[in-house]
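Have a go at each task before you read its solution.

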Amino acid sequence: MSYFLEIDERNKFEIKVVLPPKDVKVNSYLYSYFPTNINLNFPAFIHVNFELGDSRKDIINSDFNQQLVKELANFLIEVIESLKKPEVNWEAYEFINSYNE
């Protein structure tokens, strides 16, 4: 799933979340083209166009990044909600819980 937002002409970003099959374990590090040092503890590949420090491993503290963190949280809620079905189904719960097994 992808999410695009243009705050202004200079500030555009993309969030991508890839949900692997249940039997595939993923590292849960946040990606900004390459893995960062930030472990999200979420069983998916997550890419966000953050502003990074010189090492490309750490997110800098900026207003833009703070906005991205909020957008990422909202988007992850949408991703989880998309796994739900009208009938009783535990797939969304199993997806989140599968990381801790």
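**Exercise 1: strand β3 and its partners**

Strand β3 (residues 29-32) runs antiparallel to strand β4 (residues 34-39), and three bridges join them. Keep in mind that this is a predicted model, where local features need pLDDT of at least 70, side-chain atom pairs count only at pLDDT 80 or more, and totals for chains, interfaces and linings use all residues. Residues are numbered from 1 along each chain as its sequence is written, and side-chain values use heavy atoms, with hydrogens and water left out.

Solution, step by step:
- Strands here are DSSP runs (E, at least two residues), numbered from the N terminus, and two of them pair if DSSP finds at least two bridges between them.
- Start with β4: Y29 sits opposite N39.
- Follow the turn: one residue separates β3 and β4 in a hairpin, and Y33 there has a positive phi of about 75°.
- Now look at strand β5 (residues 45-48), which runs parallel to β3 and is joined to it by two bridges.
- Y31 has H47 as its bridge partner in β5.

**Exercise 2: the whole chain**

Task: how many helices and strands does the chain have, and in what pattern?

Solution, step by step:
- Count them up: five strands and two helices (H or I runs, at least four residues).
- Read along the sequence and you get β-β-β-β-β-α-α.
- Check burial: 35% of the 101 residues count as buried, meaning under 20% relative accessible area with a 1.4 Å probe, protein chains only.

Definitions and conventions: Buried means under 20% relative accessible area, exposed over 50%, partly exposed in between (1.4 Å probe, protein chains only).
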